[in-house]
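Please consider the structure shown here and how some of its features may be read.

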Amino acid sequence: MSEFILEMRGITKEFPGVKALDNVNLKVREGEIHALCGENGAGKSTLMKVLSGVYPYGTYSGEILFKGEVCKFKNIKQSEELGIVIIHQELALIPYLSIAENIFLGNERAKKGIINWNETIVKTKELLQKVGLDESPHTLVGNLGVGKQQLVEIAKALSKEVKLLILDEPTAALNEDDSENLLNLLLEFKKQGMSAIIISHKLNEISKVADSITILRDGKTIETLDMKRDNVTEDRIIRGMVGRDLTNRYPVRNPKIGDVIFEVKDWNVYHPLHSERKVIDNVSIYIRKGEIVGIAGLMGAGRTELAMSVFGKSYGRKISGKVFKNGSEIDVSDVSKAIANGIAYVSEDRKGNGLILMEDIRKNITLSRLGKIAKKFVVDENKEIIEAERFRDQLKIKTPSVFQKTEALSGGNQQKVVLSKWIFAEPDILILDEPTRGIDVGAKYEIYTIIHQLAEEGKAILMISSELPEILGMCDRIYVMSEGRITGEVNRDEATQEKLMKLMTKTTVRRVV
Amino acid sequence: MQTPVQKAIQHRSTANESKIQLLKQMMKNNMRSYGMVIALVLIMLLFQILTGGILLRPLNITNLILQNSYILVLAIGMMLVIITGHIDLSVGSVAAFVGALAGILMVQHHVPMFVTVLISLLLGALIGAWQGFWVAYVKIPAFIVTLAGMLLFRGFTMIILEGQSIAPFPKSFQNISSGFLPDLFHGQNLHIFTLVIGLIASILFIGSEIRKRNNQKQYGFTISPAAVFGAKLIVIVAIIMAFSYVLATYEGIPTILIILAMLIIAYSFVANKTVIGRHIYAIGGNEKAAQLSGIKTKRVTFWVFVNMGVLAALSGLIFAARLNAATPKAGNLFELDAIAACFIGGASAYGGVGTISGAIIGGLVMGVINNGMSLLGLGIDWQQAIKGLVLLVAVAFDIYNKNKAA
């Protein structure tokens, strides 16, 4: 038997049009904590889904060896039987069931379909003790905080006699204390001989717990480092994560920047469900006319939450702060007021929040400002078709007709429809949330060109993106967010990927060491 | 090298091909939207044959209209509710409650008819507002709110009627659903005024179609070939005139038909042409996207329920007038007939899809099947069973069509 508990060799996984994983190799030693790092979309989660059987054998190429044996998992059940258990980023617990019921869900202590509750409760108590959770097995999971829920997830994993535990961003939703608690627990399990893979954006955490680290970038393995031997620093990890050439993927532009048009001051937002959790913490930003301002940050940094809370308070509770346009305060308390004040928000969730998929292009484009083509509440459909055709022409929406339902369009064309919709509303400030997510390279270039044109017309653009090269290639000025705060403001000429990544991973509170 | 003649021939044939393709495309589009119309015609033909010609007799046609009017009124409102992605189970009870109130006011307290109708519609609006409040602002699923409403208002009906029926209504009130337009021209065997109205309707229809076409031409849109356009006009005018002739040979146009026609035209206009109509479809299609487009989703949902309340009240009045009594059992299962009409007429259970004309066609399909089976002497037992199957088959057909198109 080799020293490795897990070897993944030459894993390649393709989705239509995208190579998510390209010949990826990952080796995890028995009894170590192995960190998996990379930017958003580098392929970490995809790799773990291949490993756990979410993507069954045959949908990828390459081989997986667990304890020296070749594995061909058809589903999660098979990988779990061998002791590979994954805890996903979004917790998969059922809030209305008790801790005990959740832990043994799908794995019930039962004979002939009849559950032995006594055994279930006893086992649950043992597991809860192991993870250090002092709660009754009968407590409903929904009544627990996120940190405790995470511990329940781990107890659930332990109940399956886990050999290799995979944690996908386990501390993303946790506060400092809970995070530290969780990481200590991991170290405890390691002493007992369990192996683990941890995916995390928080480099300080990785430094604390990991023995070795594998870095992915654009679906490829970049390197595997031994934390002690290679004397790995956070800077070293960052270099590995972002070290790629910026090719000429962005159109050229000469920014013509005017006066400050839009300002958000002292903005605070709390989580809509967990009312004690502050999602946006005292954020102040401004944008000038004709300027493209980027917001960089990792997942969960609060970028979308910031944008949506400013756009008609569409997210969060207990929102406080002020919004100014051209120096005077404006009312953005609901979406129609925000639109009337010249703000537009292009959602990151094109299909869920942006389009009405069952309606045609024309009706989607005019929706946010029907009044423009209506006479006394009556929509002038001929005028509407003319307008839609104009956008189809200008933004090069590839479709046989504007009567095409938007569900039949490709991602890039759908995004052009959403952009058309908001350009039609004639805003002064456009907030673009991940405007090129899931769009192929050619269409991306076209979208960038459109964004440039809008800036050229004097509109202020606030662009949220998870792709650092995109932020660097497009923006005149960049705000960096981490944990709901602005951790830095960088001008175009000073910005590098390393600098941004450092700010993105900066935890402003007490550091976990 | 091609000779000019060859080129010309080729050009012509491609032009012809594109014309044929356009025609095919139009046929396909029309097949989808007119699928239920064709089904309705086939069902009518079937029963016309089975009943030996009774179905389309003037007396029976008039009866068909009178019998189904209150369901059609409900179906119009229900269609809007379903488009927004909700449902209203309470309309039958609301209709009964309003009918009961009208009975008490008019028969027991001799309130004038006009005032009674006004109060009744207002009560309907209030009930709609009550339910709309819970659905739109408190976010309780409409199924539950209106299920509660169904019990609540049925209970209220029985309470205010004390379990008794109230009858008879004044003649003027009965005329709402059993009256006919007078013949201003005093025809002998033929109701001439009816024919005149048919003629006016035809002219209005032709006028609006031509205006629409010219408008489209002005904007440079592709329009259907003149021959097709002409054929369409002739067919529809023929149907209007045949229909008025049939009515004219009996008592003429029922008052209720005028009310129905006005409702259908007004609501179709609102649904298709106005800003609020767009908003209703948008909310049903994707509530989140609609909200992020600045649509006041709660307010619109609220008003859709208020509207449903008013139409339910109107339906209750029509039914009470037709029955010439307010009874505790009135309106029983009306909600299900109205809902079935909407789904047969092409509404989507997920919201966002449906047309007013679809609701009417769906209602008529149910009405004709009911009426035809009654004429054939089939019992209520078989009628129920067959109606259930028709609903299922119609929706299955619709889903099959959509999957094929996608």
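The dialogue below concerns a predicted model and takes up a sheet, a residue and a pair of domains.

Q: In which order do the strands of the open sheet of chain A lie?

A: Strands of a sheet pair through backbone hydrogen bonds, in either a parallel or an antiparallel manner. Here, 4 strands of chain A follow the order S14-S13-S16-S17 in an open sheet, with antiparallel pairing. Between strand S13 (residues 260-270) and S16(A) there are 6 bridges. Within S16(A), Phe324(A) is the bridge partner of Glu263(A).

Q: Which strands stand at the edges?

A: Strand S14 (278-288) and strand S17 (328-329) of chain A do; each has a single partner strand, so one side of each lacks a neighbour in the sheet.

Q: What lies across S13, S14 and S16 of chain A?

A: Helix H9 (residues 303-310) of chain A does, and it runs at about 70 degrees to S14(A).

Q: Why does Gly321(A) count as partly exposed?

A: Gly321(A) is partly exposed because 16 C-beta neighbours lie inside 10 Å, whereas a buried residue would need 20 or more. Gly321(A) belongs to strand S16 (residues 317-325) of chain A. Beyond its neighbours within four places in sequence, its contacts are Val264(A), Lys265(A), Asp266(A), Trp267(A) and Asn268(A).

Q: Into which domains is chain B divided?

A: Chain B comprises domain 1 (53-179 + 254-405) and domain 2 (183-251). The contact involves 4 residues from domain 1 of chain B and 5 residues from domain 2 of chain B. On the domain 1 side, 3 residues are nonpolar, 1 is polar and none is charged.

Note on methods:
Residues numbered from 1 in each chain as written. Chains lettered and ligands numbered in written order. Predicted model: local features only at pLDDT ≥ 70, side-chain atom pairs only at ≥ 80, totals over all residues. Helix = DSSP H or I, 4+ residues; strand = E, 2+ residues; numbered from the N terminus. Buried ≥ 20, exposed ≤ 12 C-beta atoms within 10 Å, placed from the backbone. Contact = placed C-beta atoms within 7 Å. Domains from an automatic or database assignment. Nonpolar A, V, L, I, M, F, W, Y, C, P; charged D, E, K, R; others polar. Pairing = 2+ DSSP bridges. Axes fitted to C-alpha atoms, helices over the stretch in contact; angles between N-to-C directions.
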